[in-house]
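Here are my notes for you, written as numbered points. Keep the model open while you read, and look up each residue as it comes along.

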Amino acid sequence: MSAHQSKSSFSEKSTPMAFRDTVKRAEQLVETSMKGNDASHDASHVWRVRDLALSLAREEGLSSNPDSMEIVELAALLHDVGDYKYLRDPSEEKLVENFLEEEGIAESKKMKILSIIKGMGFKDELTGVGNQEFPPEFGVVQDADRLDAIGAIEFFGLGIARCFTFGGNRNRVLHDPAIQPRLDLSKEHYMKKEEQTTVNHFHEKLLKLKDLMKTKAGLRRAEKRHKVMEEFLKQFYAEWDGKA
C-alpha cells in the first residue's frame with residue numbers, strides 16, 4: 001500500500017488529533033494565500049466565518065455528526081482561498097482542491113467541501129443555483145459568510161466596515177446620487193467591473209442577504225444585523241444631504 005493510499009484510508013475515519021493537524025495546515029494556507037488581500041477578505045474574515053459557521057452548525061443540530069462538523073470547519077476555512085476577485089495567478093484556482101488531495105481527505109468529504117465553496121457566492125444566487133436544495137453543511141457555511149458581510153459590532157457594523165474597505169481597495173466612489181443602484185442584477189452584470197459606488201453595494205447585495213439565509217439560526221442573527229445597516233444608511237443619507 002502506498003503512502004498516499006494509507007493516508008486516504010486513514011482519513012475515512014480520521015482521529016480528532018489528525019483532523020486538528022489538518023485544520024492547522026488549512027489555517028497556514030489561509031494566512032499565506034490571502035496575505036496580500038485587503039481587510040474585507042483577509043484571514044481575520046475567515047476566522048470569524050469559521051467561528052460563526054461552527055456556532056450555527058451547533059444551533060442547527062449538526063454537532064452530533066463529527067463528519068458534518070469537519071466539513072463545515074474546512075469549508076469555512078477554505079471558502080475564500082483562490083477567490084476570483086483576488087486571483088494573482090490562474091494556478092491559485094486549484095489551491096483548495098490540491099490541499100484536500102494532499103491531506104488525503106476522503107473523496108466524499110472532499111466533494112462536499114468543494115461543492116460548498118463553489119456554490120457560496122452571491123453571484124450564483126443570481127442565476128438561481130442558490131435556490132436549489134442544499135445540504136445543511138452548505139447552509140451554515142454560506143450563512144456565516146453572509147452574516148460577516150452584514151455584521152454588527154457595537155454601534156458600527158463590521159460588515160459595513162468591510163464594505164467600505166473593499167470599495168476603497170477597488171477605488172470606488174463613495175457615493176454619487178447620479179449613479180443609481182443596479183437592482184435587477186444578472187450574474188454577468190454583478191461580476192462586470194463597471195462604474196459603481198460603495199453605497200450602492202448595500203442596495204445591490206447587502207440588504208438582500210437577510211432574506212437569502214438558509215438556516216433559522218442564521219436568519220435570527222441576520223435580522224438584527226440588517227437593522228444596523230438600515231440605520232447606518234438612514235444616517236449616511238441625512239449627513240450627505242446636510243440634514244444631520
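1. Let's start at Ala75, which sits in helix H4 (residues 66-78). A helix here is a DSSP run of H or I with at least four residues, a strand is a run of E with at least two, and both are numbered from the N terminus. Ala75 is buried, with a relative accessible area of 0%. "Buried" stands for under 20% relative accessible area, "exposed" for over 50%, and "partly exposed" for what lies in between (1.4 Å probe, protein chains only).

2. Who are the neighbours of Ala75? Setting aside residues within four places in sequence, Ala75 is in contact with Ile113, Ile116, Ile117 and Val141; contact means heavy atoms within 4.5 Å. Arg50 is 25 residues from Ala75 in sequence, and their C-alpha atoms are 8.4 Å apart in space.

3. A word on where this comes from. The model is predicted, so local features need pLDDT of at least 70 and side-chain atom pairs count only at pLDDT 80 or more, while totals for chains, interfaces and linings use all residues. Residues are numbered from 1 along each chain as its sequence is written, and side-chain values use heavy atoms, with hydrogens and water left out.

4. Now zoom out. The protein has 12 helices and 0 strands. Of its 244 residues, 48% count as buried. The protein exposes about 13100 Å², and carbon and sulfur atoms supply 52% of that; the areas come from the Shrake-Rupley method with a 1.4 Å probe. Take the contacts between residues at least 6 apart in sequence: 70% of them join residues at least 24 apart.

5. Next comes H3 (residues 43-59), whose 17 residues should span 24 Å at 1.5 Å a residue; the end C-alpha atoms are 24 Å apart, which agrees. Among the buried residues of H3 are His45, Arg50 and Ser55, along with Val46, Val49 and Leu52. At the start of H3, a side-chain oxygen of Asp42 reaches to within 3.3 Å of the backbone nitrogen of Ser44. Just after H3, Gly61 takes a positive phi of about 85°.

6. How many of the 14 residues of H8 are buried? The count is 13, leaving H8 mostly covered. Glu137 touches Leu62, Ser68, Ile71, Val72 and Ile116, not counting residues up to four places away in sequence. With Ser68 there is a side-chain to side-chain polar contact of 2.7 Å. That term means a pair of N or O atoms within 3.5 Å; within protein, one must be able to donate a hydrogen and the other to accept it, and residues adjacent in sequence count only if both atoms are side-chain atoms.

7. Finally, the core. In soluble globular proteins, nonpolar side chains tend to be buried together. A nonpolar core is a set of buried Ala, Val, Leu, Ile, Met, Phe, Trp, Tyr and Cys residues joined through side-chain atoms within 4.5 Å. The largest one here has 54 residues, and Val72, Leu78, Val141, Phe202 and Leu206 touch the most other members. Beyond its neighbours within four places in sequence, Phe202 is in contact with Ile160, Cys163, Phe164, Leu207, Met229, Phe232 and Leu233.

8. One last pair to find. Thr198 lies in helix H11 (residues 198-204) and counts as buried at 3% relative accessibility. His226, in helix H12 (residues 216-240), is buried at 9%.

Terms used. The expected span of a helix is 1.5 Å times one less than its number of residues.
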